[in-house]
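Dear colleague,

Please find below the structure that I am handing over to you.

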Amino acid sequence: MRISDTGDVWWKNAVLYCADVETFHDSDGDGVGDLRGMTDHIEYLADLGITCLWLMPFYPTARKDDGYDITDFFGVDPKLGTLGDFVELVRTARAHGIRVIVDFVMNHTSDKHPWFKSARRSRDDPYRDYYVWSRTKPRSSKKDVVFPDQEDSIWQRDEKTGDYYLHHFYKHQPDLNIANPAVQEEISRTLGFWLELGVSGFRVDAVPFLFARDGVPGVDDAEEDAFNPDRYLGDVRSFVTRRVGDAVLLGEVNLPYPDQRRFFGGDDGDGLNMQFDFIGMQRLYLSLARGEAAPLADALRERPALDVTSQWANFVRNHDELTLDKLTVPERREVFAAFGPDPDMQLYDRGLRRRLPPMVGGDERRLRLVYSLMFSLPGTPVLFYGEEIGMGENLDIPGRLAVRSPMQWTEGEGGGFSSAPRRRLTRPMPDGLFGPQHVNVADQRRDPDSLWWFIRGLVRRYRQLPQSGWASVEVLDHPVASTLAHVSRTDDWAMVGLHNFGPDGAMVPLTLPDVPPGARLLDLLDERRETDVGPGGGVEVDIEPYGYRWLLVVPEGEDPGI
């Protein structure tokens, strides 16, 4: 299939960048990042090569869960700016070739939201059925809750009526009743509002929790089955694409691959357009910990094929804890031992509240290996702000917020994030080797050998290879345990990726399937190197310790054109 046959599915070849408005740049010196500060740095993102900016929540909030406890789906937190500032950001981004998508929290509201304040007044309130209630307390345990250190049940008694309301997250975040047509209408109104303001889609938060069966007493299976979550997700996709034909839905679905395929819409592909590859991400860290390619290789072999308009989102880090919950307990312990041995670095016994650079002791070889891998695999790469310069976490900040410290633009006390005194910053900067005096944008943009320039180079090379976004992946067998070899392939294009998780160099013997006689391999990250492919697709490729290579298959007599 030719790329032109499928219409505008821009997300197949995008480069996403996730940023928190509150911690990106403060334009007015009050210590809090804002929309104007984000707009001021659109040229920076364009220079890096970003094509889509994903904004974490910026809505009015009760400020108990970093913006995910929303009190108004149609506004902007006054600390961050105004709706006018938001429109200016979107238009400035679009003028620089950057689309904007926004976080959409469909699962819950704040308990300070007007809907819930009304709903808890009485059992007969018009907004009562916007949420999920039970007259008696249903059974629940810590394994059901998202934050087991904070909550011991997903049900909370409300004093006014004595009923219990559902909350998969914190008790101050009551779950919406998505099965209620009135709630569905509110969701459509909200989506339509932001699409009218120019966004190109939504990152949908906590998708599996929207459709969980929570055993509400008095509600039988027939009533629960009357609401079809798969059909509703398809309805949401149909709604946004009717409003904006190329709008995207990027879902947070941390489930095994077969369940993720369901949320894509199965064979029809009429669900989410994109999903994060949580399984691949977690196996990546196990491969890093072991110095062996096998865990990630197994994940890539398990990765299900998708319909032509759907896409995996490849990522190394996001804004939450580095979840390892899909690894076995012994595997998780291996990763903890390698990258987070201090209990303060761990969270909920399932993840790490760290960024990658401190985890690998600042070893830039391993950083470059990981990001080379992310950009070389079929799928859409997603960067979390600060990854491009190797920012570290600040473990003095509680919980998951440790990785959401302010962006480090320059050296100095405020790191170029804000002119406010340090005590007034929305969150403190890290100190030491990963503080702004050692890790910042300004220094790295002046140094062509820096991580920033390396990431920028990967982005540009990736964007020169649009076929990669449409490719399938095949893992190649060979005897070097430390090295992952994969082929990304479309009908008439192929690229071999090699990534060495070990500290020793190696000569890797490969047999490349379906490679025409006389073909050669062109190293796209070092264009001075070419390797001829022998009879039957046989070739030997050398790779350095923690090395990485992208080898384009060039048929005999053809000019690769890049």
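With which residue does Asp 320 form a salt bridge? The partner is Arg 404, and the closest N and O atoms are 3.0 Å apart; a salt bridge here is a side-chain nitrogen of Lys or Arg within 4 Å of a carboxyl oxygen of Asp or Glu. This pair links distant parts of the chain, 84 residues apart. Asp 320 and Arg 404 are both buried, where buried means under 20% relative accessible area, exposed over 50%, and partly exposed in between (1.4 Å probe, protein chains only).

Please note that this is a predicted model, in which local features need pLDDT of at least 70 and side-chain atom pairs count only at pLDDT 80 or more, while totals for chains, interfaces and linings use all residues. Residues are numbered from 1 along each chain as its sequence is written, and side-chain values use heavy atoms, with hydrogens and water left out.

The count comes to 42 salt bridges. Another of them joins Arg 350 to Glu 321 at 3.0 Å, N to O, and its partners lie 29 residues apart. Arg 350 counts as buried at 17% relative accessibility, and Glu 321 is buried as well, with a relative accessible area of 8%. Salt bridges that share partners also join Asp 20, Asp 65, Asp 66, Asp 320, Arg 400, Arg 404 and Arg 427 into one network.

Finally, Arg 99 and Asp 8 meet through their side chains in a salt bridge of 3.7 Å, N to O, and are 91 residues apart. Here Arg 99 is buried at 17% relative accessibility, whereas Asp 8 is partly exposed at 45%.

With kind regards

Technical notes
Helix = DSSP H or I, 4+ residues; strand = E, 2+ residues; numbered from the N terminus.
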